[in-house]
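Student: I would like to go through this structure term by term. For each label, I want the value and the cut-off behind it.

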Amino acid sequence: MTHFNVDLTNCEQEPIHILGHIQSHGYLVALRPDTYVVVHASANLPDLINQPVADVLGQSIEVLLAQTDLPASTLVELLNVGQRNHSWDTINPQALRINGHPWNLIVHEYNGLLLLEWEPVQEPELISLNQRLIAEALTEMQSSRQLVELLQNTARRVKTIIGFDRVMVYRFADDWHGQVIAEEKEPHLEPFLGLHYPASDIPRQARELYKINLVRLIADVGSTPAPILSQPGWPDDQPLDLTQSSLRAVSPVHIEYLKNMGVQASMSISLLYRGELWGLMSCHHYSPRFVGYGARQSARFVSQLLSAALEFRKDEEDQAQLLLSRENGKKLHEQLLLDGDIVQALTRRSVTALDLTRATGAVLLFNNKQYPLGQTPGEAAIQGLADWLRTNTTDSIIETSQLPRLYPAAEAFRETGAGILAVVLSRELNEYLIWFKPEQVQQVTWAGNPEKPVTVSDNGQARISPRKSFEAWTELVHNTSESWTETEVSAAVKLREDVLQVVTRQANEIRLLNQRLQAAYEELDAFSYTVSHDLRTPLSSIRCYAEILQEEHGAELNPDAQVLFQKIVDSTDRMRALIRHILFYSRMGRTEINAQPIDMEQLLQTIREEILITEKDRVLTLDIDAAPALHADPVMVRQLFTNLMANAAKYTRSASEGKVVVTGQQTADDVIYSVTDNGIGFDMKGAGKMFDLFKRLENARSFKGTGVGLAIVKRIINRHGGKIWYHSEPNRGAAFFVSFPIDQASVYHD
């Protein structure tokens, strides 16, 4: 007997996009887009075309439609139009009659194949009703002031559009479990409002498909799905990918789940916030029910309207918090510059570090003393937490809403500090600025025990089954605080830079941290320079020999060998770029700053032209707005802005139109430049190692890079006594800010 490790991840391994079946209320045909030859077809297709599937697999459209009254030329012309337009949105659905019966044809192009799906036609009067309901839904969205009211009204409209017994709005939490926050149902049904559902009910791969297929219908849970047959000789390891299919069959595990709930038909409508899954409208019917394409599109449109409304309302809330946080951050910066005393500026003025976030307590650990604000754990507990941070974390920014899970001793002070946001001022000196959020004890009512039961089949195979009971199951959730927002983390990053700038100005020579860092930098400089210099000669030899072999024996090499030689040459190019960056990084510590006035307009325009040449094969705009002059080292400043602008351009490559904006402003004390883009962005919560050498963020790994560029930028800024900070959100672009002090003479660090 095979031993099987039973855990919830087994549900996430099910390949639900290639199940090999479709729902039985429709028919599917997959064609090659160049020849229109049938390569896949659903086993129930004879009911539509009056001939066996085997007779049409590998054949043309003419053969496919030979026993029907639909002219093949009609379908061919329709497909030609869609391919010429590179879009099927204007064609779907196409109402066609076959042997006297009306059908909706829906076409998708995916993974090199055309998917043709035939499904029943909705009654015309329902289409007219849906159009009226959509207009009413739009009016209600505009007039609803409260989010709960908006969601409840939308659930009511969707229920009317699709005619289901129950429509729920289901919102995901950070750990992907969900809660029903709005519900519209038939009067005799038991309410599900307020119930929580475990994350395993909707596994990861299902959530990914919900971002692609905004509307998903299961018309009859009890029907037998139709298998998909392939033309003879089709590779077994290339099953038809049904990611874009409306008729895609349902996971047996999910079918069992719905049957356990007594549900006979189901429909889900995705709710997105900034491109990510925010929640679902989950619809249940207790008898089989088909929803036509028009009604599904109406529901999809309502979902898109609701998603836009969610984003607008959330942005309004975020903007208010962001403005308050920036105002308090600016005030703290002014206090730091005015006082020159870290403790005084952060803990004893009208605005304190506690005002920067929505925390209920904060503490500054500085010069072997603690300075608490608001509600905080005791002195001994804070010291223990600081010791744990020093030995167990390497990031400069640490945030968690479940501290006791990471640091069990924190359970003793969970009433004041179940969640923390901490920034490192000096790890060696055990100096931190820590914000605390208290425990929020929650009584969570689950729809049944959230732990999925394990069943063992007759052959001894263990599997996780959907729960059979959905009776309310209540538990208390401890050791969890309110989550930290992107705005709070961003504000903490900025304040850390402000504090470190003042600390460096005041006590650069005597602080233990800088002494140890200086020694480490000197050792790194010597090591990097020696290794980088010694590597260049053999690397050049490798490239030279590879190119000689290509030139002299290229014709004799088979294609695979030629590809391998080209990979050798490309790899040496990447290694040379890395060595060049390391050399620049190592020399920077020994090079004296040659400060002089810099015409930033000319310098930035030169960098702009170089980047646009390298990115000439795509749509990219790179705008230079205000460009106040700098008094700094021209070589270092050029390197700094080249890295920031090239990074911004690189990470917009996935956007249809890349946009980068560089602008500067001069204040009484600093010249501040920003470089913003509309690229992939990043999660502020995971950006603590942003400037570490050879460190790259997870979502940037698919882009070429060495992990050295931002380390160089940070070192240049430090040498000039300036600051660098940033703000970003995933898939919302990034903004990097650098400031150079106007009074340069007292801040250069050689």
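Tutor: The protein has 18 helices and 29 strands. Both are DSSP runs, numbered from the N terminus: helices are H or I with at least four residues, strands are E with at least two. This is a predicted model, where local features need pLDDT of at least 70, side-chain atom pairs count only at pLDDT 80 or more, and totals for chains, interfaces and linings use all residues. Residues are numbered from 1 along each chain as its sequence is written, and side-chain values use heavy atoms, with hydrogens and water left out.

Student: How many of the residues count as buried?

Tutor: Of the 750 residues, 50% do. Buried means under 20% relative accessible area, exposed means over 50%, and partly exposed is in between (1.4 Å probe, protein chains only). The accessible surface comes to about 35,600 Å², and 52% of that belongs to carbon and sulfur atoms. The areas come from the Shrake-Rupley method with a 1.4 Å probe.

Student: What share of the contacts is between residues 24 or more positions apart?

Tutor: They account for 67% of the contacts with a separation of 6 or more. Contact means heavy atoms within 4.5 Å.

Student: Why does lysine 659 count as partly exposed?

Tutor: Its relative accessibility is 38%, so lysine 659 is partly exposed. The residue lies in strand E26 (residues 658-666). Leaving aside neighbours within four places in sequence, its contacts include Leu620, Asp623 and Thr676.

Student: What makes the link between lysine 659 and aspartate 623 a polar contact?

Tutor: Their side chains come to 2.9 Å. A polar contact is a pair of N or O atoms within 3.5 Å; within protein, one must be able to donate a hydrogen and the other to accept it, and residues adjacent in sequence count only if both atoms are side-chain atoms.

Student: Which side chain makes a polar contact with glutamate 615?

Tutor: That of arginine 653, at 2.6 Å. Glutamate 615 is found in the loop between helix H16 (600-614) and strand E24 (620-624). Its relative accessibility is 8%, so glutamate 615 counts as buried. Not counting residues up to four places away in sequence, glutamate 615 touches Leu620, Ala649 and Arg653.

Student: How many aromatic pairs does the structure hold?

Tutor: Nine. Rings of Phe, Tyr and Trp (its six-membered ring) pair if their centres lie within 6.5 Å; planes under 30 degrees apart count as stacked, over 60 as edge-to-face and the rest as tilted.

Student: Why is the pair of phenylalanine 682 and phenylalanine 736 called tilted?

Tutor: The ring centres are 6.1 Å apart and the planes stand at 55 degrees, so the pair is tilted. Phenylalanine 682 lies in the loop between strand E27 (670-677) and helix H18 (709-719), and phenylalanine 736 in strand E29 (residues 734-741), so the pair ties together parts that are 54 residues apart in sequence. Phenylalanine 682 is buried at 7%. Phenylalanine 736 is buried at 12%.

Student: And why is the pair of tryptophan 725 and phenylalanine 737 called stacked?

Tutor: The centres are 5.6 Å apart and the planes are at 10 degrees, so this pair is stacked. Tryptophan 725 lies in strand E28 (residues 723-728) and phenylalanine 737 in strand E29, so the pair ties together parts 12 residues apart in sequence. Tryptophan 725 has a relative accessible area of 12%, so it is buried. Phenylalanine 737, at 21%, counts as partly exposed.

Student: Which charged end sits over the ring of tryptophan 725?

Tutor: That of lysine 494, 4.7 Å from the ring centre. A charge sits over a ring if NZ of Lys or CZ of Arg is within 6 Å of the ring centre and within 35 degrees of the ring normal. The charged end of arginine 166 also sits over a ring, that of phenylalanine 192, 3.7 Å from its centre.
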